[in-house]
Amino acid sequence: MNLPLFWVLSLLLIAIILFIRNKPRMDVVAVLVLVALPLTGVLTVQEALAGFSDPSVVVIAALFIVGEGLVRTGIAYQLGEKLIEHAGSSETKLIILLMVSVAMLGSIMSSTGVVAIFIPVVLSICARSKIHPSKLMMPLSFAGLISGMQTLVATPPNMVVHSELVRNGYDGFTFLAFTPIGIVVLILGVGYMLLTRHWLASKQSQKEAGEPRHTIADLAREYNLDGRERRLRVKANSILTGQTLNELQLRTQYGINVIAVERQQRFRRTLLSATGSTELRAGDVLLVHLVSPTIDLLNSYHELGVEPLGIKQSYFADHCRTLGLAEVMLPPESRLAGKTIQELGFRTHRKLNVVGLRRNQNALDGLLVDEVLKAGDTLLVAGNWKHIHALQVYSRDFLVLSLPAEKDNIAPALSKAPHALISLAVMVALMITGVVPNVLAAIIGCLLMGAFRCIDMDSAYKSIHWQSIILIVGMIPFAAALQKTGGIDLAVNGLMGIFGDSGPRAILTVLFVSTAVTSLFLSNTATAVLMAPVAIATAVAMNASPAPFAMTVAVAASAAFMTPISSPVNTLVLGPGQYRFSDFVRIGVPFTVIVLIATIIMVPMLFPFFT
């Protein structure tokens, strides 16, 4: 072993130990590597920093932005919600639709982001269907990992392996090269979860995980608001048309508190905040709360020129990504104590409506606008989530006690959902057809998201998971350093010396196992960076095509099913699913073996060893 190789292997060992300890953070370790490699003289500064110009790094960063666009426009959440709703109360249908929908969405955006989006959806389904979360949380995480096997851009390891092929002068993978394997693994995963779901709810997991977060329905019940919601359409001859809410005085004269206004604009309906200056038009649909459940509106309907419309469940549920409720308390030092709600001017100044008031834990009924407020009173306010969040600025006078669970479903660019789909379709079409390189297709997708205002610059920068980007950039030089110092040749010679006579499938098995085991201690991205050069060099030594070997490494890097710390996806569901470490071991290890067998069978069929 030469001295440069000794330094590289020593740095690699130190990096692995630090990764396992997670002290300091992985991205900090990657930066230390960037500094250390040039200092040893193994690489030049330009070679050490080459990762910053790697196209795969740019693609990964761009895909974070595209994924955020899907979240901000509500597409990600709506897809999960609609598909899961179709399952009804059937646990079998829930598992199938959940895993399929997560795998579909995760094929074009971060699997970690997808799982984070689905966790509150699944918890809400579990509460409604009386299914323990442990039955669905592990299928959710497994589907998130399987989504990485669906397309080229589904997960960073795929892009890393593709980039390594291109760097060595070979054709990279196409956008859908992973899809046949991914679909088979998804089918196997769904079947496996249906068979093993009864093993997921152990006695330990049946313990309560703590108090669930309040929902909008809980708040409405605590403030005695059930049964007070109405939807009223303004007729063409209505006396309301052309007048503002302040002029109409609907709350004091008719007991009608207008929360929001649905209005048809061009080809879509928009939801407008109800402020004192909101002018009503014919065709508007008023979302109203009655100040008392005993109010009889039959005569008022005719007088005002409105007609009642049906409500499926609650207009807060229908518009939960835009419209919300929140509890606000007057702290002891509040300057508002002694004033009435009317004097506060919530609707005029805060663009919110007070729909409930509790004093000493008791909800007050009747017309509240003239009620004199006291320190310690809690108000229930309704309106746009943006305006609810703005209340937190006035911490001296208002204390926002809690935001309901529906707050997680906020989609600030909900009206831009069609534009986000167009942007996504253009990007995917460019990647599939190969008209432009993947990196340009991803950047075009980002630019379209920005041009259509699906995402703004601040949210775009915040959406990029910089820790992952820096980790990839810092680990890429290791591959170059190992190649330059003979480390790759040493690994290949050892592999060939032990398994060379066993045939290429045996080599694939060893590569899969090595990658899967290494990813238990390193991130799957770092593992792919280290294993991809070994796989390609092994193929060269065998005079075989590098594609099947590289594909095996990519699939194995996504097969992080064995422990809850193998992937952030598993870590996310550990708490909500109330799992123990051993639950992932006993469920994940057998499935990893199943994926190994499927990979060894399918990869040579799709990518022949010798052409």
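Select strand E1 (residues 229–234) and strand E4 (residues 285–290): five bridges join E1 to E4, and the two run antiparallel. Strands pair if DSSP finds at least two bridges between them. The labels come from DSSP runs, numbered from the N terminus: helices are H or I runs of at least four residues, and strands are E runs of at least two.

A word on what is on screen. This is a predicted model, where local features need pLDDT of at least 70, side-chain atom pairs count only at pLDDT 80 or more, and totals for chains, interfaces and linings use all residues. Residues are numbered from 1 along each chain as its sequence is written, and side-chain values use heavy atoms, with hydrogens and water left out.

**Stop 1: around strand E4**

Click Arg233, then find its bridge partner in E4, Val285. E2 and E4 pair in the antiparallel sense, over six bridges. Here Ala260 has Leu287 of E4 as its bridge partner.

Is E4 enclosed or open? Six of its six residues are buried, so E4 is largely enclosed by the rest of the structure. Buried means under 20% relative accessible area, exposed means over 50%, and partly exposed lies in between (1.4 Å probe, protein chains only). Look at both faces of E4. Val285, Leu287 and His289 are buried on one side. Leu286, Val288 and Leu290 are buried on the other.

Zoom in on His289, which sits in E4. The relative accessible area of His289 is 3%, so this residue is buried. Which residues does His289 touch, not counting those up to four places away in sequence? Among them are Leu225, Arg228, Tyr315, Phe316 and Val355. Touching here is contact: heavy atoms within 4.5 Å.

**Stop 2: Gly148**

Select Gly148. It is found in the loop between helix H8 (134–147) and helix H9 (156–167). Gly148 is buried, with a relative accessible area of 3%. Show what touches Gly148, leaving out residues up to four places away in sequence: Ala154, Thr155, Asn158 and Ser558. Then draw a distance from Gly148 to Thr179. Their C-alpha atoms are separated by 9.7 Å, and the two residues are 31 residues apart along the chain.

**Stop 3: Ser423**

Go to helix H19 (residues 417–433) and pick out Ser423. Buried or exposed? Ser423 counts as buried, at 1% relative accessibility. Set aside its neighbours within four places in sequence, and Ser423 is in contact with Gly445, Leu448, Met449 and Phe452.

**Stop 4: two crossing helices**

Select helix H24 (residues 504–518) and helix H28 (residues 581–606). Their axes come within 10 Å and cross at roughly 140 degrees. Axes are lines fitted to C-alpha atoms, for helices over the stretch in contact, and angles run from 0 to 180 degrees between N-to-C directions. H24 and H28 are therefore oblique to each other. Angles under 35 degrees count as roughly parallel, over 145 as roughly antiparallel, 65 to 115 as roughly perpendicular, and the rest as oblique.

Colour the residues that make the contact. On H24 they include Arg505, Leu508 and Phe512, and on H28 they include Val595, Ile600 and Pro604.

**Last stop: the whole chain**

Zoom out. The protein chain has 28 helices and 10 strands. Of its 611 residues, 54% count as buried.
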